[in-house]
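Here is a brisk report on one protein chain.

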Amino acid sequence: MSFSMLDVVSFICFIVCWVGYATFARRKAKTTNCVARCLHQHRVHWMNELITREVRVGEAALLANLERNITFFASTTMLVLAGVLTLFAQVPRLEAVIASIPYTAVPNDAMIQLKLSVLTFIFVMAFFQFTWSMRQYGFLNVMVGAAPIDLEGKNQNLKKYAKHMAVLQDRAAHSYNYGLRAYYFSMAVLCWFFHPVLFIGASLFVVYTLYRREFKSKAVVAITAGMQVLDEERALSVKDKS
């Protein structure tokens with residue numbers, strides 16, 4: 001197998017980017033406002049409001065919409081996997097196509113099969129994450145169905161129950177996010193078919209894109225501002241009741 005040192009370095013860079021960013025994002029979210037941190041607060045507010053509502057048709061529709069999005073990606077992942085597995089039978093043709101592109105590294109059958117195997121592994125991981133997210137949303141539906149009603153919102157036990165529902169929804173959303181993250185990094189792996197240097201650049205670009213969207217985007221600013229408004233409203237509501 002013609003496996004150059006540059007290929008080794010590029011693959012190690014890819015792994016470091018993926019694992020490193022996942023670890024960084026998880027730790028930074030504990031102390032910095034970001035999509036994950038702020039949406040968790042929104043979910044806590046949502047579940048607290050759910051407890052006080054007799055009619056929960058709206059919540060059921062919203063949860064069904066979230067599940068529908070995840071189901072779409074889970075189904076799409078199976079189609080992508082089928083396409084990648086089909087390429088294993090077309091390696092010589094794929095090698096000829098890559099070789100015809102200017103400035104690409106010289107391909108060979110073994111390397112192409114290895115790269116296809118990496119893509120297959122990534123999409124299998126994504127499928128597991130999406131299906132686990134779907135199951136957790138199913139568990140959340142059961143908890144929502146079992147949730148008693150507290151019209152005044154003063155029952156402390158039900159507030160704890162609402163927090164547990166928010167945590168479960170948080171875990172489901174994290175699994176969904178991990179699946180999407182696998183899609184992002186699979187785009188970097190595609191660049192490996194052309195050149196290892198391009199693979200390194202694509203891996204770094206994916207990390208930059210994820211960081212900007214999860215920590216520095218305008219969406220984060222809006223979500224954070226909304227969280228602060230809800231916190232102020234809840235504080236005023238508690239003050240009025242007391």
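## A buried lysine without a partner

Lysine 115 is buried, yet it has no salt bridge. The nearest side chain of opposite charge is aspartate 7, 4.6 Å away. A salt bridge needs a side-chain nitrogen within 4 Å of a carboxyl oxygen, so aspartate 7 at 4.6 Å does not make one with lysine 115. This is a predicted model.

Lysine 115 lies in helix H5, residues 109–146. What does the side chain of lysine 115 reach with a polar atom? The backbone oxygen of tryptophan 192 lies 2.9 Å from a polar atom of that side chain. Lysine 115 also touches Val189, Trp192 and Phe193, not counting residues up to four places away in sequence.

## The salt bridges

Side chains of opposite charge can pair when their charged atoms come close. How many salt bridges does a search of the whole structure find? It finds three.

| Aspartate 170 | Arginine 43 | 2.4 Å |

Take aspartate 170 and arginine 43, whose side chains meet in a salt bridge. Aspartate 170 lies in helix H6 (residues 156–192) and arginine 43 in helix H2 (residues 35–51), so this pair ties together parts that are 127 residues apart in sequence. Aspartate 170 is buried, with a relative accessible area of 10%. Arginine 43 is buried too, at 12%.

Arginine 53 counts as partly exposed, at 33%.

Arginine 181 lies in helix H6 and glutamate 214 in helix H7, so the pair ties together parts that are 33 residues apart in sequence. Arginine 181 is buried, with a relative accessible area of 5%. Glutamate 214 is buried as well, with 15%.

## Helices H1 and H7

Two packed helices are described by the angle between their axes and the distance between the axes. Helix H1 covers residues 5–28 and helix H7 covers residues 196–216. Their axes come within 8 Å and cross at roughly 10°. That makes H1 roughly parallel to H7, because angles under 35 degrees count as roughly parallel.

On the H1 side, the residues include Leu6, Asp7, Phe11, Cys13, Phe14, Tyr21 and Lys28. On the H7 side, they include Pro196, Phe199, Ser203, Leu210, Tyr211, Glu214 and Phe215.

Two names here come up elsewhere.

Cysteine 13 counts as buried, at 18% relative accessibility. Where does threonine 86 lie relative to cysteine 13? The two are 73 residues apart along the chain, and their C-alpha atoms are separated by 28 Å.

Threonine 224 has its place in helix H8, residues 218–241. At 11% relative accessibility, threonine 224 counts as buried. Its side chain reaches the backbone oxygen of valine 220 at 2.7 Å. Threonine 224 touches Asn33 and Cys38, not counting residues up to four places away in sequence.

Alanine 225 also lies in helix H8. Alanine 225 is partly exposed, with a relative accessible area of 36%. Alanine 225 and cysteine 38 are 187 residues apart in sequence and 9.3 Å apart in space, C-alpha to C-alpha.

Glycine 226 is found in helix H8 as well. Glycine 226 is partly exposed, at 24%. Between glycine 226 and histidine 42, the C-alpha to C-alpha distance is 8.4 Å, with 184 residues of separation in sequence.

Key: Residues numbered from 1 in each chain as written. Predicted model: local features only at pLDDT ≥ 70, side-chain atom pairs only at ≥ 80, totals over all residues. Heavy atoms only, no water. Helix = DSSP H or I, 4+ residues; strand = E, 2+ residues; numbered from the N terminus. Buried < 20%, exposed > 50% of the residue type's maximum accessible area, 1.4 Å probe, protein only. Lys, Arg positive; Asp, Glu negative; His and termini not counted. Polar contact = N/O pair within 3.5 Å; in protein donor to acceptor, adjacent residues only side chain to side chain. Contact = heavy atoms within 4.5 Å. Axes fitted to C-alpha atoms, helices over the stretch in contact; angles between N-to-C directions. Parallel < 35°, antiparallel > 145°, perpendicular 65-115°, else oblique.
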